[in-house]
Amino acid sequence: MTRIAVINPNMSVGFTEKVGLQARRIVAPGTEVLALNPKFGPASIEGYYDEAFASVGLLAAMRGLEADGASGGKISGYVVACFDDTGVDAARCLTKAPVMGLCEAALRFAAIVASRFAIVTPMAVSVRPLEHLVSKYGASSQCVVRAAGVRTLDFEGENADMAYLALKTSAENCLAEDGAEAIVLGCAGMTDIADRLQAELGVPVIDGVSAAVKLIEAMGMLGLQTSKAGAYASPPVKTYDGIFAEFAPVA
C-alpha cells in the first residue's frame, strides 16, 4: 500500500485540514494520506525568518514518522505542504522515501501545459524567495512571480473572500501584462480555490498540493527512493548540543 505523509510545516490546523482533504480527494483507491502539523513552529510561513524555524519542526515530525515506520508503518513518500519548499533538501537527507515541495511540483506541471506562467503568492516578502526557487528549478525564462498583497492566513475565515478577489486580480494582471498562459497558486492555503479560479480565468491553474501529491504517489507506486550517493546522503554521525540534541544523526 502507498502511504503519503503530507506535512504542513507551520502550525495552521485549518491549512492542514485543507491540504489533507485535497490530497485524499485526488489519490487513487488504496493510497493512504496522513496530513499533519509539526508539534512546534510559526503560525504561518511568510519569508525567510519563518522558514528557518519551520524547517526544524518539519524535520522533527519526519523523524517521528520514520521511527514509526521502522515498526511497520512505512511512509512511501513525503509532501512538504508549503510553497516555499521549506526544508525539502534537509528532509531528503533524513529519509530514503521521495520528498517533494509544492513549488517544485507545481513548476514541473506548469511547464507541461504552458510556455509561460506566473506564480501568485500572498505577500511581497515571499516574492524574492520564490524567484530564487524558480531559478533553482530552471524556470526563470518561463515564470514571473507576483504578490496579491494579502496575508497567508487571510485565506481562512472572514477574510477569505477579500483574499480571493485580490488573488484573482493579481492573476488577471499576470495574464494581461506578463504574457502568462497559466497561473500557479503560491500558497498551500489556496488549494481549495484552484478549480474556481481556473473556471473564472479560462486558463490552467496549478495547485502545488495536488501536483506534489500526485508526483509522490507515482514515485511510491514505482518504488523510487531518494539517492544516498551524494548530496542527499544521510548526515554523518556527530553530537548536536543544547536544544537540538535530539536531532543528532545516528548510525
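Visitor: What makes the contact of Arg92 with Asp89 a salt bridge?

Guide: In this predicted model, the closest N and O atoms of Arg92 and Asp89 are 3.9 Å apart. The term asks for a side-chain nitrogen of Lys or Arg within 4 Å of a carboxyl oxygen of Asp or Glu, so this pair counts as a salt bridge. The two residues stand 3 residues apart in helix H3, which means that about one helical turn separates them.

Visitor: Why is Arg92 placed in one class of accessibility and Asp89 in another, and which classes are they?

Guide: Arg92 has a relative accessible area of 11%, and since buried means under 20%, Arg92 is called buried. Asp89 has a relative accessible area of 31%, a value that falls between 20% and 50%, so Asp89 is called partly exposed.

Visitor: How do you know that the salt bridge of Lys18 and Asp192 links distant parts of the chain?

Guide: The side chains of Lys18 and Asp192 meet at 3.6 Å, N to O, again within 4 Å. Lys18 belongs to helix H1 (residues 13-26), while Asp192 lies in the loop between E7 and helix H7 (194-201), and the two are 174 residues apart. With 15% relative accessibility, Lys18 is under 20% and therefore counts as buried.

Visitor: What makes strand E1 largely enclosed by the rest of the structure?

Guide: In strand E1 (residues 3-7), 5 of the 5 residues are buried, so the strand is largely enclosed. Arg3, Ala5 and Ile7 point one way, Ile4 and Val6 point the other way, and all are buried. In a regular strand, side chains alternate between the two faces of the sheet. E1 runs parallel to strand E2 (residues 32-36), to which 5 bridges join it, and Arg3 stands opposite Glu32.

Visitor: What makes strands E6 and E8 edge strands?

Guide: The open sheet of 4 strands has the order E6-E5-E7-E8, with parallel pairing. Strand E6 (143-147) and strand E8 (205-207) are its edge strands, as each pairs on one side only. On average, neighbouring strands of this sheet are turned by 25° against each other, direction ignored.

Visitor: How do you know that strand E5 and E6 pair?

Guide: Pairing asks for at least two bridges, and E5 (residues 117-121) and E6 have 5 of them in the parallel sense, so the two count as paired. Helix H5 (residues 127-136) lies across E5 and E6 and runs at about 165° to E6.

Visitor: What makes Asp85 stand out, and is it buried or exposed?

Guide: Asp85 has a positive phi of about 50° although it is not a glycine. Most residues other than glycine have a negative phi. Asp85 lies in the loop between strand E3 (77-80) and helix H3 (88-94), and its relative accessibility of 6% is under 20%, so it counts as buried.

Visitor: How do you know whether Ile243 is buried or exposed?

Guide: Ile243 has a relative accessible area of 72%, which is over 50%, so it is exposed. Together with Tyr240 and Phe244, Ile243 forms a nonpolar patch on the surface, with about 320 Å² of accessible area.

Conventions. Residues numbered from 1 in each chain as written. Predicted model: local features only at pLDDT ≥ 70, side-chain atom pairs only at ≥ 80, totals over all residues. Heavy atoms only, no water. Axes fitted to C-alpha atoms, helices over the stretch in contact; angles between N-to-C directions. Contact = heavy atoms within 4.5 Å. Patch = residues over 30% accessible without salt bridge, like charges linked within 9 Å, V, L, I, M, F, W, Y side chains within 5 Å. Areas by Shrake-Rupley, 256 points an atom, 1.4 Å probe, with all protein chains shown as cover. Buried < 20%, exposed > 50% of the residue type's maximum accessible area, 1.4 Å probe, protein only.
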